Amino acid sequence: CDISGLEQKVLLANDIYERNLTKVVTYSSLSDLHQIVKDQLAAIPNYTSKKKVLILYYGGTLGMVYEERPNGRVLVPTQDTQKLMLPLIHKKFCDGKTLEEKMHVVWLSVLENPIDSTNGRSSHWLSIAHAIETLYDEFDGFVIAGGTDTIDYLLAAMSLIFLIIGKPIIGTGSQLPVEQWGEDASSNLSFALSSAIADIRGVYLAFYHNLRDGRHIFKINDTDSDAFTSPSAYKIGRFTGSELKLFGDYHRRNGATNKGNLIVQRDFREGIVELPITPFTDPRTLLTLSRDQYTH
């Protein structure tokens with residue numbers, strides 16, 4: 001064993017860890033929020049019987065609109081939440097109520113510059129977690145809206161970060177933007193919002209009519225609307241029409257959990273390599289990986 005080489009790798013790992021922490025948006029208090037978010041919060045009455053849901057957007061197709069550029073029509077992230085929510089405004093729930101009658105929705109763009117889902121890393125997940133922790137007592141549920149390529153990792157991270165949570169964290173995304181014909185963005189978002197006010201707690205994915213445990217999901221399709229799967233035991237609900245129907249095993253809300261007694265785990269290390277091993281794997285493959293300075 002090369003002890004000196006191992007010590008160098010530990011130093012490098014610590015350096016990467018510290019640099020990643022500097023990229024985390026901490027949201028240590030409400031004053032850290034953008035003015036557009038403060039205005040949305042200020043518009044909510046102090047005493048309201050309606051549920052309050054925070055949408056945390058970090059990138060991906062769901063939050064993009066088409067924009068005319070010199071080089072043609074391109075998809076770009078938008079801060080125009082009214083445009084993104086417009087398809088939902090006049091739709092009605094199964095009880096006949098509109099979105100405005102049912103809940104207060106606040107849209108928070110977590111990152112200064114939204115990212116492609118494939119670029120999602122622990123610093124982005126921790127930024128989302130900081131926002132949820134800071135605003136935990138202000139909302140009844142949380143929707144994380146972003147790209148689909150790494151949302152399975154993101155939701156697994158949320159379940160590891162929030163070891164105890166009394167409310168739902170619902171992940172969602174889309175294969176097509178809200179302005180494109182045949183889009184799935186508005187239906188997935190309406191599904192996620194319904195799930196965020198349901199009597200559940202924990203981390204879930206709301207996508208293409210199915211509510212799945214966020215720790216056990218796999219993306220299987222890059223184009224079709226039905227993009228994710230999971231073992232059947234982890235499908236805990238279905239969105240039919242305008243109604244969420246829950247079944248299977250799930251945990252109900254816990255009102256005793258608040259910001260003061262949340263258990264939040266923030267330690268994430270990079271340097272993990274996923275390597276499928278078969279009977280034909282040469283052991284020297286593992287040794288080669290172990291010598292890589294970024295593999296810990």
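This short talk walks through a predicted model, from its sheet to its pockets and aromatic pairs.

First, the ground rules. The model is predicted, so local features need pLDDT of at least 70 and side-chain atom pairs count only at pLDDT 80 or more, while totals for chains, interfaces and linings use all residues. Residues are numbered from 1 along each chain as its sequence is written, and side-chain values use heavy atoms, with hydrogens and water left out.

Let's start with the sheet. Eight strands form an open sheet, in the order β4-β1-β5-β7-β8-β9-β12-β13. The pairing is mixed. Strands here are DSSP runs of E with at least two residues, helices are runs of H or I with at least four, and both are numbered from the N terminus. Two strands pair if DSSP finds at least two bridges between them.

Which strands stand at the edges? They are β4 (103–109) and β13 (243–246). Each has a single partner strand, so one side of each is left without a neighbour in the sheet. Neighbouring strands are turned by 25 degrees against each other on average, direction ignored. For such angles, axes are lines fitted to C-alpha atoms, for helices over the stretch in contact, and the range is 0 to 180 degrees between N-to-C directions.

Now zoom in. Strands β5 (141–145) and β7 (168–172) run parallel, joined by four bridges. Phe 142 stands opposite Ile 169 in β7. Helix α6 (151–161) packs on the sheet and touches β5, β7 and β8 (202–207); contact means heavy atoms within 4.5 Å. The direction of α6 makes about 160 degrees with that of β8.

There is also a hairpin, made by β2 and β3 with two residues between them. Six bridges join β2 (64–69) to β3 (72–77), and the two run antiparallel. Glu 68 stands opposite Arg 73 in β3.

We use a 1 Å grid over the protein atoms alone: a cavity is a set of points where a 1.4 Å probe fits but cannot get out, and a pocket is an open set with protein on both sides within 12 Å along at least five of seven lines. Lining residues have an atom within 4 Å of a point. Grid points are joined across faces, edges and corners, and a volume is the space filled by probe spheres set on the points.

The largest pocket holds about 710 Å³. Its lining has 24 residues, and Trp 125, Tyr 153, Phe 268, Arg 269 and Ile 272 are the closest to its centre. Helix α6 returns here: α6 gives the most to this lining, with five residues.

The second largest pocket has a volume of about 520 Å³. Of its 17 lining residues, Gln 82, Met 85, Ile 89, Glu 100 and Val 105 lie nearest the centre.

The largest cavity has a volume of about 60 Å³, and its lining includes Tyr 17, Leu 126 and Phe 268.

Last, aromatic pairs. Rings of Phe, Tyr and Trp (its six-membered ring) pair if their centres lie within 6.5 Å; planes under 30 degrees apart count as stacked, over 60 as edge-to-face and the rest as tilted. The count is six. One of them, Tyr 57 with Trp 107, is tilted, at 5.8 Å centre to centre and 40 degrees between the planes. Tyr 57 lies in β1 (51–57) and Trp 107 in β4, so the pair ties together parts that are 50 residues apart in sequence.
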